Amino acid sequence: MATVIIPTPLRKFTQNASRLKVEASDIGNAVRELTEQFPELKKHLLDDQGLIRSYVNIFVGEEDIRNLHQEQTAVNADSVVSIVPAIAGGSIQSLKMNYHGL
Amino acid sequence: MAYSSLPFSKEELGRYNRHIIIPGFGIASQQKLKEAKVLVIGSGGLGSPALLYLTAAGVGTIGIVDFDLVDDSNLQRQVLFDVREIGQPKVEAARKRLEALNPHVQIKIYNAHLNSENALDILRDYDVIADGTDNFPTRYLVNDACVLLDKPNVYASIFQFEGQVSVFNLRLKDGRRGPNYRDLYPSPPPPGLVPSCAEGGVLGVLPGIIGSMQALEVIKIITGLGEPLSGRLFLFDALQFETRTFRVSPRADNPISGSHPEIKALVDYEQFCGMKAVEEKPIKELSARELYDLQVRGEKFQLIDVREPHEYQIVQIGGELIPVGTITEHADQIRRDRKVILHCKSGARSARAIRELESKFGFENLYNLTGGILAYIDQVQPELTKY
């Protein structure tokens with residue numbers, strides 16, 4: 001069991017829930033549990049091989065799981081897991097074209 | 001000490017009085033601000049408050065890079081600009097406003113796209129860089145340029161109700177350099193998966209908060225006060241009013257600052273962000289005038305609007321609404337026996353939808369409305385609402 005904080009851009013896939021409790025003993029299970037509960041999250045969190053996408057950071061407390069044990073990082077009832085995807089907003093200042101579209 | 005022997009004029013001393021009297025700040029910190037050169041990349045949502053506060057604070061030289069023009073859809077958050085400046089280059093409007101705010105500050109403007117050719121030359125002259133841009137290629141470009149030039153990069157980013165702030169590549173007291181953007185996000189998302197503010201929206205006050213924090217970190221770096229946000233990522237969730245701070249550590253496999261750096265010069269950031277292949281594949285375009293001609297001639301065609309329902313509510317030109325995110329699920333609604341024209345607000349999302357439909361379902365009859373509904377309004381129905 002752990003608490004997962006869903007970032008605002010992904011809340012549309014979790015019926016606007018910002019915090020979810022998941023039954024899991026490690027991060028890999030927690031993510032699987034989440035994507036089973038909310039299948040639309042899957043393509044945003046996992047790549048075609050089922051690995052956590054490189055532009056989606058997952059922190060347990062303040063620590064990046066890359067500096068812990070990646071997907072095997074253990075979680076317990078007190079763990080707060082944050083999903084922090086890359087966002088790029090600020091002002092339009094592109095190279096040659098507007099990458100994401102106006 | 002007599003005023004005349006101080007580096008500040010009497011007017012400046014009056015202006016900066018509330019800084020100078022802060023214990024621990026004093027005239028020495030104000031002097032550091034006056035000597036500092038800060039480059040703000042992007043004068044939009046984040047750049048607006050950052051520039052206003054840095055100028056008011058008395059940073060001696062401020063550079064602004066932006067290629068864009070002031071648009072009425074900017075004014076909900078870009079507090080540097082007002083209605084009289086719609087259509088003007090942002091950098092020029094910004095300079096006018098900032099010079100009026102503080103004539104003791106020198107404002108330098110670069111009315112240009114920042115790219116791999118000009119970035120090093122523009123950034124080279126500055127002490128601190130503040131990145132408030134809107135796209136991943138420029139994020140990586142600014143990061144790499146700062147690492148190559150050994151400049152601190154005060155990073156901020158926003159989306160809808162959430163903001164991120166960090167300080168990258170800061171020279172630490174022990175001589176090492178703090179982590180950079182590639183340590184936090186080693187690779188960018190593929191094009192199309194992460195929406196921009198232009199697509200996903202942003203609450204106007206959020207960049208006001210986050211851009212002000214960016215200015216704060218710039219001032220801390222210049223003056224040496226406090227602990228800059230190096231090695232940490234700050235996150236603000238405006239909806240829950242929650243803040244969290246995470247640790248960011250250098251990665252040994254960072255291609256520009258790790259143990260075996262491969263990047264020694266700026267690269268092609270569009271290619272790095274997976275945009276080149278997408279960009280080079282041509283799609284068929286149709287102008288707003290050509291669409292109008294089809295309509296006048298009564299020719300059979302299907303018009304599909306790939307924007308979001310809330311945009312459709314603001315204005316529409318008779319297209320069938322299939323938002324870009326659901327286009328492949330509704331591929332069966334797209335006709336193959338006639339011309340199908342797809343449009344969005346300005347042409348990028350519909351181009352993406354066409355590429356997806358062509359590659360997954362083999363459509364050959366799809367046309368992108370060049371410039372989207374905005375071009376159609378400009379060229380055909382100027383009485384409609386623009387947004």
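**Ground rules**

I note that this is a predicted model, in which local features need pLDDT of at least 70 and side-chain atom pairs count only at pLDDT 80 or more, while totals for chains, interfaces and linings use all residues. Residues are numbered from 1 along each chain as its sequence is written, and chains are lettered from A and ligands numbered from 1 in the order in which they are written.

**Entry on the sheet of chain A**

I followed the strand E1 (residues 2-5) of chain A into E2(A) and found that the two run antiparallel and are joined by four bridges; helices (H or I, at least four residues) and strands (E, at least two) are DSSP runs, numbered from the N terminus. Two strands pair if DSSP finds at least two bridges between them. The open sheet to which they belong has five strands in the order E2-E1-E5-E3-E4 (chain A), with mixed pairing. Strand E2 (19-22) and E4 of chain A stand at its edges with a single partner strand each, so one side of each is left without a neighbour in the sheet. I then traced helix H1 (residues 27-37) of chain A, which lies across E1, E2, strand E3 (56-60) and strand E5 (80-85) of chain A and runs at about 115° to E2(A); axes are lines fitted to C-alpha atoms, for helices over the stretch in contact, and angles run from 0 to 180 degrees between N-to-C directions.

**Entry on A:Glu63**

I found A:Glu63 in strand E4 (residues 63-64) of chain A. Is A:Glu63 buried or partly exposed? A:Glu63 counts as partly exposed because it has 14 C-beta neighbours inside 10 Å; a residue is buried if 20 or more other C-beta atoms lie within 10 Å of its own, exposed if 12 or fewer, and partly exposed in between, with C-beta atoms placed from the backbone. Leaving aside neighbours within four places in sequence, A:Glu63 is in contact with A:Leu68 and B:Arg247, where contact asks for C-beta atoms, placed from the backbone, that lie within 7 Å.

**Entry on the sheet of chain B**

I read the strand order of an open sheet of eight strands as E3-E2-E1-E4-E5-E6-E7-E8 (chain B), with mixed pairing. The edge strands, each pairing on one side only, are strand E3 (106-110) and strand E8 (242-247) of chain B. Within the sheet, E4(B) runs parallel to strand E5 (residues 153-159) of chain B and three bridges join them, and B:Tyr155 is the bridge partner of B:Asp131 in E5(B). H5(B) packs on the sheet and touches E2 and E3 of chain B, its direction making about 175° with that of E3(B). H10(B) also packs on the sheet, touching strands that include E1, E4 and E5 of chain B, and makes about 170° with the direction of E5(B).

**Entry on the cores and on H4(B)**

I next checked the largest nonpolar core, which has 87 residues, and the members that touch the most others are B:Val38, B:Leu51, B:Val128, B:Ile129 and B:Val218; such a core is a set of buried Ala, Val, Leu, Ile, Met, Phe, Trp, Tyr and Cys residues joined through C-beta atoms within 7 Å. Helix H10 (residues 205-223) of chain B gives the most to this core, with eight residues. Apart from it lies another core of 21 residues, among them B:Val324 and B:Leu357.

I found helix H4 (residues 47-57) of chain B mostly covered, with nine of its eleven residues buried, including B:Leu51 and B:Leu54. Its cover includes helix H3 (26-35), strand E1 (37-41) and H10 of chain B. Just after H4(B), B:Gly58 takes a positive phi of about 95°.

I noted that chain B is divided into domain 1 (36-277) and domain 2 (281-379), with bounds that come from an automatic or database domain assignment. Their centres, taken over C-alpha atoms, are separated by 34 Å.

In strand E13 (residues 366-369) of chain B, B:Leu366 and B:Asn368 point one way and B:Tyr367 and B:Leu369 the other way, and all are buried. Strand E12 (residues 339-343) of chain B runs parallel to E13(B) with three bridges, and B:Val340 stands opposite B:Leu366.

Key. Two residues are in contact if their C-beta atoms, placed from the backbone, lie within 7 Å.
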